[in-house]
Amino acid sequence: MKKLTGIFILFLLVSCGGDYIDKPEHLISRDQMAEILADLSINDQATFMYPSSNLEAGTRYVLKAHKVSSADFVESYRYYVVKEKMGGIAEDAQKILLEKDPKAEKYVKDKTGTAGNLQNIPGLSR
């Protein structure tokens with residue numbers, strides 16, 4: 001029920017427009033956010049490949065490696081979503097992933113469609 005309430009509040013914030021959220025005190029830069037998202041994607045894929053691995057521990061490791069608290073990440077993520085900047089950050093994260101693993105290009109192209117945007121990836125469409 002908490003997740004449903006959280007999703008409803010986030011939806012409400014997004015639907016009200018970008019003027020109703022204050023800039024977080026410790027806002028993560030767009031470039032660092034893209035790096036973190038790329039690393040979280042790799043972590044997510046690792047848990048898919050190795051089901052016995054721990055997604056939560058991997059997420060904590062990624063945030064610690066980037067010297068970012070979970071609260072700062074969540075506040076920054078929410079800010080960028082409400083300000084409608086997450087699509088661009090996610091595209092930057094894709095570029096970082098492709099630099100790290102050029103073989104991932106086919107997967108990204110399959111997920112982004114022919115227009116090259118994030119329309120087929122849940123949560124990242126514009």
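## Aromatic pairs

Rings of Phe, Tyr and Trp (its six-membered ring) pair if their centres lie within 6.5 Å; planes under 30 degrees apart count as stacked, over 60 as edge-to-face and the rest as tilted. The structure is a predicted model, in which local features need pLDDT of at least 70 and side-chain atom pairs pLDDT 80 or more, while totals for chains, interfaces and linings use all residues. Residues are numbered from 1 along each chain as its sequence is written, and side-chain values use heavy atoms, without hydrogens and water.

Searching the whole structure gives two aromatic pairs. Phenylalanine 73 and tyrosine 77 form a tilted pair, 6.0 Å centre to centre with 35 degrees between the planes. They are four residues apart in helix H4 (residues 70–82), so about one helical turn separates them; helices are DSSP runs (H or I, at least four residues) numbered from the N terminus.

The rings of tyrosine 79 and tyrosine 80 are edge-to-face, with centres 5.7 Å apart and planes at 65 degrees.

## Accessibility of the rings

Buried means under 20% relative accessible area, exposed over 50% and partly exposed in between (1.4 Å probe, protein chains only). Phenylalanine 73 is buried at 14%, and tyrosine 77 is partly exposed at 27%. Tyrosine 79 is buried at 12%, as is tyrosine 80 at 4%.

## Packing of H2 and H5

Helix H2 (residues 30–49) packs against helix H5 (residues 86–100) at about 60 degrees, with the axes 8 Å apart. Axes are lines fitted to C-alpha atoms, for helices over the stretch in contact, and angles run from 0 to 180 degrees between N-to-C directions.

Definitions and conventions:
Helix = DSSP H or I, 4+ residues; strand = E, 2+ residues; numbered from the N terminus.
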